[in-house]
Amino acid sequence: MNAILEMRGISKSFTGVKALADVSFTVERGEIHALVGENGAGKSTLMKVLSGVYPHGSYEGAIVFDGQERRFRDIVDSEALGIVIIHQELALIPLLSIAENIFIANPPARRGVIDRGEVHRRTKSLLAKVGLDEAPDTLVTDLGVGKQQLVEIAKALAKDVRLLILDEPTASLNEKDSAALLDLLAEFRAQGIASILITHKLNEVSRIADRITVLRDGRTVDRLDCRAGPVEEDRIITSMVNRDMEHRYPKRNPTAGATMGDTILEVSGWSVHHPEHADRPVIRNVDFRVRRGEIVGIAGLMGAGRTEFAMSLFGRSWGRRISGEVRLEGRPADLSTVRRAIDAGLAYVTEDRKQLGLLLEEDVRANVTLANLRGVSSNSVIDDMKELKVASGYRGRMRIRCASVYQPVGLLSGGNQQKVVLSKWLFTDPKVLILDEPTRGIDVGAKYEIYCIIQELADAGKGVIVISSEMPELLGICDRICVMHDGVFVADFPAAEATQERIMRAIMRKEERRP
Amino acid sequence: MSDKTLPLPETRQHAGLLKSSLREYGMLLSLFAIMIFFQVATDGTLLRPLNLTNLVLQNSYIVIMALGMLLVIVTGHIDLSVGSVAGFIGAVAAVLMVRMGLHFVPAALICLAVGGLIGAAQGYWVAYFRIPSFIVTLAGMLVFKGLALALLQGQSVGPFPPTFQKLSSGFIPELLPGFEGLYPTSLAIGALLALALVYLNHRARALRESHGVETEPYGFFLGKNLLVFAVVVYFAYLIASHRGLPNVLVIMTALIALYAFVTARTVVGRQIYAVGGNAKAARLSGIKAERLTFLTFVNMGVLAALAGLVFAARLNTATPKAGLGFELDVIAACFIGGASAYGGVGKVGGAVIGALIMGVMNNGMSILGIGIDYQQVIKGLVLLGAVCLDVYNQRRT
């Protein structure tokens, strides 16, 4: 018996809706097992059953861990056996230090008094294991997301982890940090620690996973073994969506665009400084332009300044001491406040839907009209019926799946939430849209729909800027790709000439030259 | 892929609607239940015309301030200074009218303006300097309590000119010949109000139906409207059989209607809820969050001043102790009425009902002879219970 974990015939329902139906799932000792599937396929539910969030008795089937049947009452039970789950939203406390976070639940202590020296020593050795070169006293809030992820893993190691579950660990990491994280998993594999990797990024799966289990609609639909030979990404996608996706990206036909030609947005000499450190430049004297009907991608590592560039353009929502000139359709544009930027014809779809994009408790209708309430009101009084018509219109056009436009957006899936945000900005009738990570945390099917919408916008003559950390996505949908690094553009390719290698090389060349 | 959602089976649709209306009318039902309880427990004293009129007069200033407080709470803030501000404005009014002999109209206008300035002063720190409202208004509470004391030199100042007293103790003039102790003008106004409510409900329903929006079953709708009509007319009858409509009830009703409209139907109202729900998202949607927060505090200041005037007129003197603890009743009213302490959620109707629940309980318990000590205990428990129920309900959905 070489399996460390065996989940047999797991079924789980929520008030009549079957979330898992007879799922079997086996993880062998010291393997990296990828669990993939569209959003809502049942991955998280399965992991919550495994970790005891849904206690024994609330599901059917059996969990066998380390040769024995287990009945977890809560997450403490599963952690005691070394099953540790790291969620997508990190559970670290920002204003405590790394060491305090790692030993938050069980600090080494003598008669209730924490042994600080021991904490420090053990933290140091754990940080060395995960390859994080930071002092144990550093506050978590001062670390980037990539490093925070490593702290989470160190925290798991402190609990003598035997089965590590990572839910979308690289969703908010750049390519470099993602690669480092995957290497770390490989190292754990060598030490005999098994990992379950839940991810939407199939290139990672094919790179590192030993075996793959594909879930769809709460059932196991496919098991693939990668050790015999590499598994094609398209093969996985076919299982996930059960439709042959010949193209993951809609075919781009730029000539179909209305009048790709004249410049619609022109930014020149744009400089931005950090909001807290006013003498630290973040964007340095940048020139940038977008033509009507063009989709321009901005590639770059995390922290390259892409979001900062976009938000500083959009009503100076980020940064201080901003200088430079912006012309929209050839005329100088006043973008000094968000309202003016919107009125001038600029829209910014944020990378952080939940924190910055949506009113989660409000319904679809109120979210769609939020940025253009003037469009549904006369004399400052909202016309309910007009508003309803607008919202219903976008619901149909964008294929927002919701019970009604009166449904709170907090209850929608990520893809549908993103469509609500897009609807909001389309209703302001922008000339130029900036989409920041438009498909983050969205399943494959919904991604395709978002890509189609992006193309339609370009075809309708709008200028579209897409910021994305997923290079294949940029290569798949853009007409032109600009590469940003350290606050300046370091390369500008037509999409036909761009490749992942060329983009990375542009970044790395710059990196080497840095002092 | 289909854009249409399948219509739900008829019965489920109605069950869902009933459930959501239950939640919407839950507060109202609690108010009725509490009223019936005290009506029975006090052998019918609660709804005697005299007592009902008193109930309105006693709670008017709480309701007026609850309207402003609701907006402050919806933006995610709190105002602890309203009681002190109301007391301070009462003192200002006394100085202007009693000591300086100013006519009550300019004096009242000055008082409202001072209230607005106080709100602006506090809102400025909250909105533009991001100082927690709890701290700013706690400071305000101390400052204005002290200033009221200083202004009155520790003494009660009164009486006010009779015309000013009419603000709280006056009733609308009777235009029609009365009969059997009934004030027909007040009854007529009540009936007209009831008709207007029913008419507005019908128009809204017709509009929804003409646009194909889901509506509640007609029987339910009809029953609801009949009930609204009956209740409003009954209360108008009770009020009309004492001395007619108190002036302050007219002011209060007009303000409730105004604020209900502003919060539900106007752009500013929608934006206030957006700021409270997610200030960052609101800001990135072009909403001037700081300015709206500032304005809700200005508005609160003006309403606190109005409440201060009403209270001073009712007591007919300004005392240094006026307004003591009002803020607690006002804030409790908003939370009992379903406002969320995290901002973004809360309705004008809820806050008014919350204020009435507090008011009926105060009044009913006093009639029953329950001491002020246990009255507070019971009120505290009701506040906690109401909010717990609300949280529980939300978690279930």
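In chain B, the loop between α5 (133-151) and α6 (162-169) holds B:Pro159; helices here are DSSP runs of H or I with at least four residues, strands are runs of E with at least two, and both are numbered from the N terminus. B:Pro159 is joined to B:Gly158 by a cis peptide bond, with omega at about -10 degrees. For background, most peptide bonds are trans, and most residues other than glycine have a negative phi. All of this comes from a predicted model, in which local features need pLDDT of at least 70 and side-chain atom pairs count only at pLDDT 80 or more, while totals for chains, interfaces and linings use all residues. Residues are numbered from 1 along each chain as its sequence is written, and chains are lettered from A and ligands numbered from 1 in the order in which they are written.

Now for chain A as a whole. It has 17 helices and 24 strands. Its radius of gyration, taken over C-alpha atoms, is 24 Å, close to the 24 Å that the globule rule gives for 515 residues, so chain A is as compact as a globular protein of that length. That rule is 2.2 Å times the number of residues to the power 0.38. The C-alpha trace of chain A spans about 70 × 55 × 50 Å along its principal axes. Of the 515 residues, 47% are buried. Here, buried stands for 20 or more other C-beta atoms within 10 Å of a residue's own, exposed for 12 or fewer, and partly exposed for anything in between, with C-beta atoms placed from the backbone. Among the contacts in chain A with a separation of 6 or more, 67% link residues 24 or more positions apart; a contact needs C-beta atoms, placed from the backbone, within 7 Å.

Next come some strands of chain A, where a pair needs at least two bridges found by DSSP. Together β16(A) and β17(A) make a hairpin with two residues between them, and A:Glu329 in the turn has a positive phi of about 50 degrees.

Strand β18 (residues 346-349) of chain A is covered on both faces: A:Leu346 and A:Tyr348 are buried on one side, A:Ala347 and A:Val349 on the other.

A:Arg111, in the loop between β7 (109-110) and β8 (113-114), has a positive phi near 50 degrees. A:Arg111 is exposed, with 4 other C-beta atoms within 10 Å. A:Arg316, in the loop between α9 (306-313) and β16, also has a positive phi near 50 degrees, but this residue is partly exposed, with 17 other C-beta atoms within 10 Å.

Finally, the two chains meet through 22 residues from chain B and 26 residues from chain A. On the chain B side, α10 (267-277) and α11 (279-283) are the elements that give two or more residues, and α10(B) gives the most, with five. The chain B residues at this contact divide into nine nonpolar, eight polar and five charged; Ala, Val, Leu, Ile, Met, Phe, Trp, Tyr, Cys and Pro count as nonpolar, Asp, Glu, Lys and Arg as charged, and the others, Gly among them, as polar.
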